[in-house]
Amino acid sequence: MGAIIELSGIGKTFKVPERTGGIMAAIKALVHRQYKSVEALKEISFSVQAGEIIGYIGPNGAGKSTTIKVMSGILVPDQGQCRIMGHIPWKDRVQYANKIGAVFGQRSQLWWDVPVIDSFELLRDIYKIPQNDYIRSKNKLAERLDLGELLHMPVRQLSLGQRMRCEIAASLLHNPQILFLDEPTIGLDAISKLAVRKFIKELNEDTGVTVILTTHDMSDIEALAGRIIMIGKGTILYDGSLEKIRHRFGSQRIITVDFGRKCTDGAEIDEGLDEGFCDGLKEGSEEGLYVEGATCISWSSEQAVYSYDADRLSLAVLVNQLSEQHEVLDIKVEDKPLDELIIQLYKEHKL
């Protein structure tokens, strides 16, 4: 299938009022307000294929939400072209709105003081959904998102996780082809996050809906996105798969070692020793925690955690060094967490 979203050279600048502190500055601002220009987006270009789940990431203020608002037709860019499903979002608002759904984690499309079902009925009228289609869609979403009695409760009485499930259902009542999710799991507990991720994954697999997801939670990205677009200071810095990021920094591994005895020839170890102790250990030390080619991350008398570069140090050599010095009960090797890989990307681009 071809590209369903195409952005080319999108730019957006905002004028932001500025003044120094103090009463006189406030009075002066009433008469003559000064502004500064903030370039939120600079020559943003990318395309998205139908059915993709894209993780759109970047630090705060990078331009993620601005891009989503341009693509959803809320903002008009200063320059560039944006064509989505044959529409220019800010020009073809009515026709275009029927083909997209949007969930903004810090904004609600549900009426605060009325039952959720009343908001659904209103959205049915706004989108002109045929009654039979509406009932079928509502019932299916209620079942899959476990809404049940929530539909008959005022929105203000719902927990954050419950409200977010209702928000996602509301955005899907009209069966959109594209779903924009702007930090949908912000503030959710672990159980609610898992429920939201599972639903989005199944929805994409079952219906082929295209998903653009912005989030600071890298667990969301790992669970859902097959491709990452990273933005920083209004510019696209990376566009590719998770596998490419892992390949780029992927030689880094974390090994956790469980010892079968105290790490000092049976001598008791002060439980108050901290991670700094590892850094002071020398090769051949009595404690034997030093491993050539590896960095000690944390240490206790029963367990040690190291990071190492798998391209420079083989696991067999590392384990051999440890087992020669101590009785090793168990080891666990993991890839470096995605959060740390993303931070390395941020550092490369000085974000």
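## A buried pair of residues

Phenylalanine 46 and tyrosine 56 are both buried. These residues belong to a predicted model, and every value below is computed from that model.

The rings of phenylalanine 46 and tyrosine 56 form an aromatic pair, with their centres 5.9 Å apart and an angle of 50° between the planes. This arrangement is classed as tilted, because planes under 30 degrees apart would count as stacked and planes over 60 as edge-to-face. The count for the structure comes to 1 aromatic pair.

The pair links distant parts of the chain. Phenylalanine 46 lies in strand E2, which covers residues 34-49, while tyrosine 56 lies in strand E3, residues 53-57. The two residues are 10 residues apart.

## The open sheet

Strand E2 also takes part in an open sheet of 3 strands. The order is E2-E1-E4, and the pairing is antiparallel. E2 and E4 (79-84) each have a single partner strand, so each stands at an edge with one side left without a neighbour in the sheet. From one strand to the next, the twist averages 25°.

Strand E1, residues 3-18, runs antiparallel to E4, and 5 bridges join these two strands. Across from glutamate 6 stands arginine 83, a residue of E4.

## A charge over a ring

A further contact involves a charged side chain and a ring. The charged end of arginine 124 sits over the ring of tyrosine 134. The distance from this charged end to the ring centre is 5.4 Å.

Conventions
Residues numbered from 1 in each chain as written. Predicted model: local features only at pLDDT ≥ 70, side-chain atom pairs only at ≥ 80, totals over all residues. Heavy atoms only, no water. Phe/Tyr/Trp six-rings, centres within 6.5 Å; stacked < 30°, edge-to-face > 60°. Helix = DSSP H or I, 4+ residues; strand = E, 2+ residues; numbered from the N terminus. Buried < 20%, exposed > 50% of the residue type's maximum accessible area, 1.4 Å probe, protein only. Lys NZ or Arg CZ within 6 Å of the ring centre and 35° of its normal. Pairing = 2+ DSSP bridges. Axes fitted to C-alpha atoms, helices over the stretch in contact; angles between N-to-C directions.
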